[in-house]
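Reader: Please show me the model. Then take me through its sheet and helices.

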Amino acid sequence: FCPNYTPRRNDPHYGLSPDLLSLQPRLPTVVKVQASSDVFSSTSKKEAASLANPSARSVAVFSLMDSLGKKNRSFAVQHLENDPDYQRLEKRDKAFARLLFSTVERRQGQIDKVVSSFTRSNKSQKIKAADRLCRSAISIGAAQILFLGVAEHAAIHDTVEVLRMHPKIKISKPQINFVNAILRNVQRKGMVELETNTTIYDNIEPWLAKEWIETYGEEKAKVIAEASMGQSPIFISVKRDSQSNEAQHEEKLKRIRDCFSTAGGGDEATILPHGSIEIPKHQNFGGVSQWPLYKDGEWWVQDPSASLPAIALHNALCKLEDNQQKKEAMHIVDLCSAPGGKTSQLCSFGFGKVTAIEVSKKRIRPLQENMARLKMEEKCEIVVADGREWIPSDDSNPVYGVLADVPCSATGVGSRRPDVLRKQADVLEELLTTQRELAVHAADDILAVGGTMVYATCSLLKQESEDQVKWLLSRQDGAVMETDPIMRGEIPGFDDAIDENGWLRVLPGILSGSLKYCDGFFVARLKRIR
Ligand SMILES: C[S@@+](CC[C@H](N)C(=O)[O-])C[C@H]1O[C@@H](n2cnc3c(N)ncnc32)[C@H](O)[C@@H]1O
């Protein structure tokens with residue numbers, strides 16, 4: 001995940017800000033599949049209610065209205081973030097505005113279904129700004145009633161009042177009465193409607209839901225869908241000091257954990273068995289750049305499952321090190337590298353040289369900034385190039401490790417990017433071709449015989465993941481590859497994600513403890529044997 005956690009447009013790993021994360025509740029331990037509103041615990045409902053205030057509401061409503069008018073509203077919460085009024089809000093109000101906005105974004109399908117049961121639709125009508133404003137107020141009001149348990153007065157009255165506050169759009173009395181009447185209906189009968197006539201899948205594109213059900217079965221698919229509606233906690237990966245051994249790194253992890261716990265007023269940060277640190281959700285440190293030791297470049301934000309590909313590669317190359325080459329001399333290629341979470345890990349592991357390839361000039365900048373903040377510039381050669389064409393120039397130092405974290409549908413990160421759950425199926429075709437071309441080029445033209453390639457996606461679709469690796473292994477021309485299976489106990493906490501092929505298939509909502517809420521990921525480790 002993005003090391004400095006700065007929101008960026010078109011970033012498939014785009015994350016919600018910590019302001020929101022500090023408010024967003026986690027899913028309950030036992031996920032209630034049908035009663036979607038139960039996703040929010042009663043404590044969080046109280047919290048949401050106590051934080052409510054009209055200025056946060058008006059910002060959320062106006063910004064939602066604005067985003068409805070945009071042609072490309074893929075990740076609508078970006079409109080909120082870019083809204084100058086939002087920037088001016090106090091930290092807590094900002095968090096509440098985001099909570100409102102992102103709840104609508106995640107639950108729009110269910111909200112629309114409940115609301116439409118109380119309205120007569122008139123789809124042919126051209127939507128005017130005033131209608132969009134009313135529609136936004138209804139969605140924001142309904143989200144408070146259906147999913148956030150905000151008290152009636154605040155959810156209805158204060159939201160309706162927002163309609164009168166718009167500086168440019170004049171709303172008529174009948175329109176105000178209409179919004180008020182709909183929200184009163186939602187208050188009276190909405191929960192029953194929600195529970196009897198909607199399902200979690202109303203928020204997800206039908207083709208995607210169908211894929212999940214076909215691949216993972218009804219039960220798991222529902223758990224995945226529920227987990228995708230919640231918000232994952234924040235995790236960080238900690239930089240290894242050069243020359244430090246495991247014991248010294250563990251000491252460092254404890255120091256950093258304690259820093260976060262102290263700064264968070266006793267709310268404990270937790271070191272996970274594989275090495276990530278979970279940051280307690282209620283800590284209110286402000287933006288990530290204000291968090292302890294950020295400026296010292298000691299850590300970067302990274303989901304635990306996003307850290308797996310580099311760990312798997314490192315483990316394999318440590319074995320190789322014993323036999324053939326010293327780690328400090330090894331040349332590793334990160335083929336699709338921005339914004340740089342995995343590049344940071346590879347540099348931190350102490351490989352001799354890490355070449356980070358990235359095709360997007362725009363995404364190179366955050367990668368460079370991250371490397372500079374983490375003081376890893378010297379270790380890392382950043383190259384703007386197409387990973388399907390780049391070849392190493394130095395024959396004297398063959399590449400023994402390639403990480404191919406290929407561009408994908410990002411359907412495993414729905415909890416951070418609700419828009420990925422609304423992608424159309426036709427985005428897949430081009431991605432599938434690019435993934436194959438990247439994997440083939442990495443295997444045939446970059447990786448040395450005896451070296452290891454890790455193929456990874458943050459996708460829940462087997463077409464982009466398992467099927468691609470099966471295809472790569474079955475090729476008759478080009479490099480001959482075989483699976484180097486991930487072993488039980490190799491990456492603590494992830495044994496249950498190892499499939500029958502020795503590949504990692506992490507599903508949101510399935511693992512235990514803190515890992516329950518991590519992103520969906522796929523990781524296959526392959527060795528070039530000829
Ligand atoms: C899943 S993201 C990589 C995330 C990154 N590994 C990390 O951990 O932060 C995929 C990246 O591949 C880049 N990309 C897409 N097509 C590419 C290509 N042909 N060559 C190199 N990079 C490509 C995208 O711009 C995107 O930054």
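Author: The expected span of a helix is 1.5 Å times one less than its number of residues. Helices (H or I, at least four residues) and strands (E, at least two) are DSSP runs, numbered from the N terminus. This is a predicted model: local features need pLDDT of at least 70, side-chain atom pairs count only at pLDDT 80 or more, and totals for chains, interfaces and linings use all residues. Residues are numbered from 1 along each chain as its sequence is written.

Reader: How far apart are the end C-alpha atoms of helix 11?
Author: Helix 11 has 18 residues. At 1.5 Å a residue, they should span 26 Å, and the computed distance agrees: 26 Å.

Reader: Which strands are the edge strands?
Author: Two strands pair if DSSP finds at least two bridges between them. Four strands form an open antiparallel sheet, in the order 2-3-1-4. Pairing on one side only marks the edge strands: strand 2 (270-271) and strand 4 (299-301).

Reader: What angle does the direction of helix 11 make with that of strand 3?
Author: Helix 11 (residues 246-263) packs on the sheet, touching strands 1, 2, 3 and 4. Contact means C-beta atoms, placed from the backbone, within 7 Å. Axes are lines fitted to C-alpha atoms, for helices over the stretch in contact, and angles run from 0 to 180 degrees between N-to-C directions. The angle is about 5°.

Reader: In strand 3, which residue is the bridge partner of F235?
Author: Strand 1 (residues 234-238) and strand 3 (residues 277-279) run antiparallel, joined by three bridges. The partner of F235 is E278.

Reader: At what angle do the axes of helix 6 and helix 9 cross?
Author: Helix 6 spans residues 91-116, and helix 9 spans residues 173-197. Their axes come within 8 Å. They cross at roughly 120°.

Definitions and conventions: Two residues are in contact if their C-beta atoms, placed from the backbone, lie within 7 Å.
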